[in-house]
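This report covers a sheet, the helices on it, and the nonpolar cores. Inspect the model first.

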Amino acid sequence: MQQGDFVECLKGIGEKTAKTFAKLGIFTVRDLLHHYPRDYELFSPPVPIAALKEGNLAAIEAGITAYAEVKRVGERVVVSCNVRDASGWIHLTWFNQSYLKNVLKRGIHYIFRGRVVRRGNTLVMDQPKLYKKEEYKRLLCVLQPIYSLTAGLTNHTLQKAIDQALCMVEFPEDYLPKRMVRENRLIARKAALREIHFPKAKDTMLEARRRIVFDEFFVFAVRMRQLKENRRQEKNHFHFCQTNGCEAFLENLPYQLTSGQEKAIEEIRRDMAGEYVMNRLIQGDVGSGKTILAEYALLLAATNGAQGCIMAPTEVLARQHYEVMKRAFAPLGVRVLLLVGSMTAKQKKDAYAQIAAHEADVIVGTHALIQEKVSYHKLALVVTDEQHRFGVRQRDSLAGKGEDVHVLVMSATPIPRTLAIVLYGDLDVSVIKELPAERLPIKNCVVDTSYRPTAFHFIAKQVAQGRQAYVICPMVQESEEIEAENVLDYTERLQKELPENIVVRALHGKMKAAEKNDRMERFASGEIQVLVSTTVIEVGVNVPNASVMMIEDAERFGLAQLHQLRGRVGRGAHQSYCIFVNGSQDEKSRERLEIMKNSNDGFYIAGEDLKLRGPGDVFGVRQSGELQFELADIYRDAEILAAADTAVGSLSLEEYEQICAKIEKFF
């Protein structure tokens, strides 16, 4: 059996089951083996009830003190009972499991395992699982993989299929030289795959993870080297020079450029006039003024008789870029055109015709820019905004619309420079650290949930002064399993808490694209004063009037993501504020949020995030990273990333060519 074979070749997987696997993106045996556990459960010995702490997942051995109570709350059936051990008692609750009424008998002892949460002033255990003593004893100190699943697929079914695949797949000889395996303390790839899915212990699972993460980074570094070598050979056919239009644009800016912006503009100018095409990353903290650099580069191309385009990750952001550039470039005779997916067929057809006829000099859009129907007349420059939202292939697809085009990549992801040089190995890196002089530093505070009434009053006061506010919740709607604020309920609550004249609206990823765009545009125009949202606004429009960012359950977000969210405010002339609401009593959560409170420097925060998460802190699901590796995390696994990049750099030309040939077969 080969890794490329379809999962139907496995025993017990017919057409119906294969369709269920497909919902998870599992089509081949390779997909199955690379569907790694999203987390692991470690079953620890039961603890006394008196030792339970909020937020912990724990087990207790206790007796039921009274018959279970069953009641209906809305559409949900809630089963609850009290249990006791020698140290004290605790209240247990289950949702929509009415059968438990016949199981939870007074006087019977079980081991209950669940998450401890606070309701009011009382600790309760939500949705605990029940185990008999002997059953739990067998699970003690054993790692239990937890997979992302879909309806009709269980952990057991998935593990059974993976076990079968591991027994039958023929793995080729390791693609890495033996010295490299030895130097980097790597176990065999097949052994790593078995151990990641069926770990004997935490230590062996970590060894397996190290090998798989190394492979992901190594293959990535090889491909970056290939891209860089190919691009070194791309001659610059355009040789753009500074024009009167570019000079006028810079002279008429209503503010003074920072030294970082001036240096980046000089690098762009030099690249676009040089011997080879530009491939440059502009990495700047949120609010550092990267967009002006994109505008300059696009103007440089347009005023030299060529076309340039900029691809944004969202339609809302694309429309904002379009409006800004149209106003700025019109006096210079440069024509700007918008191309986004929500346009009508006729509008798109007209846009395609204008692009092909070079009746548009600068084209602003989303993924619509790389559709087959788009044909550029003289495309010389491609700019991608928020690079971490686009893969290398998408970037190359856009660049492929012209011949040897210049590429400028913009990113607000505060990756430490040492990591950025590896991750963007095919690009030259410019870093902008200073914020424009007119920007006031954001004032931060970390508070607990009791501060909410004060925060609501503060938001109302800011709105009365003409400002706007964001409120971020980690979830769209209420969940039975997770105790966290959600957008839908919070929006209703906030509308009641705030004065009637304040318009509060919700925004989340489950909305249709047109509805999201409309909601965001109405907020940008000031029609909506308070926007309650999920992290969908992390890459959003520029709303200089927004002065308050309130983040509920802030401990649930990564520091880099919190910094991105905070970057939605502080973009105008008014003083801005960020309120981090800590919904946990955990000391580590408080320590992390104090970093956000004490610094607005994204690069410093990224470095601290790296220290806190640490290369060894891998006992759980990786956070959704800026670059989409299957298992690796660029922050947590920074040490392995550096080792893989060094390993690629140490290859002889012969080894490098052999590895390139083997990689496709091996994976």
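Which residues have the most contacts inside the largest nonpolar core?

## Basis

This is a predicted model: local features need pLDDT of at least 70, side-chain atom pairs count only at pLDDT 80 or more, and totals for chains, interfaces and linings use all residues. Residues are numbered from 1 along each chain as its sequence is written, and side-chain values use heavy atoms, leaving out hydrogens and water.

## Nonpolar cores

Leu 32, Phe 218 and Leu 339 have the most contacts inside the largest core, which has 131 residues. A nonpolar core is a set of buried Ala, Val, Leu, Ile, Met, Phe, Trp, Tyr and Cys residues joined through side-chain atoms within 4.5 Å; buried means under 20% relative accessible area (1.4 Å probe, protein chains only). Helix 7 (residues 202–232) gives the largest share, 13 residues. Helices are DSSP runs of H or I, at least four residues; strands are runs of E, at least two; both are numbered from the N terminus.

Phe 218 touches Tyr 175, Met 180, Val 648 and Ile 659, among others. Contact means heavy atoms within 4.5 Å. Another core, of 28 residues, lies apart and includes Ile 472 and Leu 562.

Seven strands form an open sheet, in the order 11-12-10-13-14-9-15, with parallel pairing. Pairing requires at least two DSSP bridges between two strands. Strand 11 (336–339) and strand 15 (428–432) are the edges. Five bridges join strand 9 (residues 279–284) to strand 15. There, Gly 284 stands opposite Ile 432.

Helix 11 (residues 315–329) packs on the sheet, touching strands 10, 11 and 12. Helix 12 (residues 345–356) also touches strand 10, strand 11 and strand 12.

Terms used. Axes are lines fitted to C-alpha atoms, for helices over the stretch in contact, and angles run from 0 to 180 degrees between N-to-C directions. Buried means under 20% relative accessible area, exposed over 50%, partly exposed in between (1.4 Å probe, protein chains only). Lists of a residue's contacts leave out its neighbours within four places in sequence.
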